[in-house]
Amino acid sequence: MLKSLCEEEEERQGTEATEITSNWEKLKDCLNEHAKNFVSELSRLSELLLLEFDNFLIIDDVEVSELFAAHENDFTLSEWKQSGPQLQEKEAYDKLSVPEDRAGRSWPGLPANELLQVNAQSSIEEPVAAGALSAETATVTTAKNTLAHLATMEARNAAYVKYKQYFLQQMSHIEQEISMQLIDVQRWAKGWKDSVTNIKKLYN
């Protein structure tokens, strides 16, 4: 009777430990899928915006008339002051908002598998191999380089950093939960074994 009960309990404990481990793998797969989708959509959206901003009109697209160009240097400081704050503010805004180099450029992609590699190692505290982080999403080449392009890249990179922090927090939380569950299983198994030993002593 006791032997049969012990065998059933050992089988139950083994099944429980297996299910905990299986659940951990499923959670990792879920995190991986979510991370892949996020990076892919963030990369796609930023690419669309970068290419859309190529259609925006900038100062280089405007042809200045020969008459205006001939008299451009005749605009004195006193005349500029008399023009009022509206023109002054516009010129100041143009200098701040338009990059000096407005020619087309290539924008680097996002790390394509950094988060997946962290997850695959099953511990966020373990170092990630440098080669595994080299892959990136597609590079985007634009015909222009404007403030809108720069703002798009800053927002994209900030969003990735924020999501990475969220991802690592979720990884840490899940690992802690799984670890606690496995510790509980081990404690129960030890308690059960000690109880069986004590029972056997009573009848020996």
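Biologist: Why does Arg-44 count as partly exposed?

Modeller: Arg-44 has 43% relative accessibility. Buried means under 20% and exposed means over 50%, so a value in between is called partly exposed. Keep in mind that this is a predicted model.

Biologist: Okay, and what makes Glu-41 and Arg-44 a salt bridge?

Modeller: Their closest N and O atoms are 2.9 Å apart. The cut-off is 4 Å, so the pair makes it. Both sit in helix 1, 3 residues apart, which is about one turn of the helix. Glu-41 has a relative accessible area of 41%, so Glu-41 is partly exposed too.

Biologist: How do you know that Glu-16 and Arg-12 form a salt bridge?

Modeller: Same rule: N and O come to 3.2 Å at the closest, and the limit is 4 Å.

Biologist: Why is Lys-190 called exposed, while Asp-194 is called partly exposed?

Modeller: Lys-190 has a relative accessible area of 55%, and over 50% counts as exposed. Asp-194 has 35%, so Asp-194 falls between the 20% and 50% limits. The two side chains meet in a salt bridge at 3.1 Å, N to O. They are 4 residues apart in helix 6, so about one helical turn separates them.

Biologist: Which residues do salt bridges with shared partners join into one network?

Modeller: Glu-9, Arg-12 and Glu-16. By this rule, the count for the model is 6 salt bridges.

How values were computed. Residues are numbered from 1 along each chain as its sequence is written. This is a predicted model: local features need pLDDT of at least 70, side-chain atom pairs count only at pLDDT 80 or more; totals for chains, interfaces and linings use all residues. Side-chain values use heavy atoms; hydrogens and water are left out. Helices (H or I, at least four residues) and strands (E, at least two) are DSSP runs, numbered from the N terminus. Buried means under 20% relative accessible area, exposed over 50%, partly exposed in between (1.4 Å probe, protein chains only).
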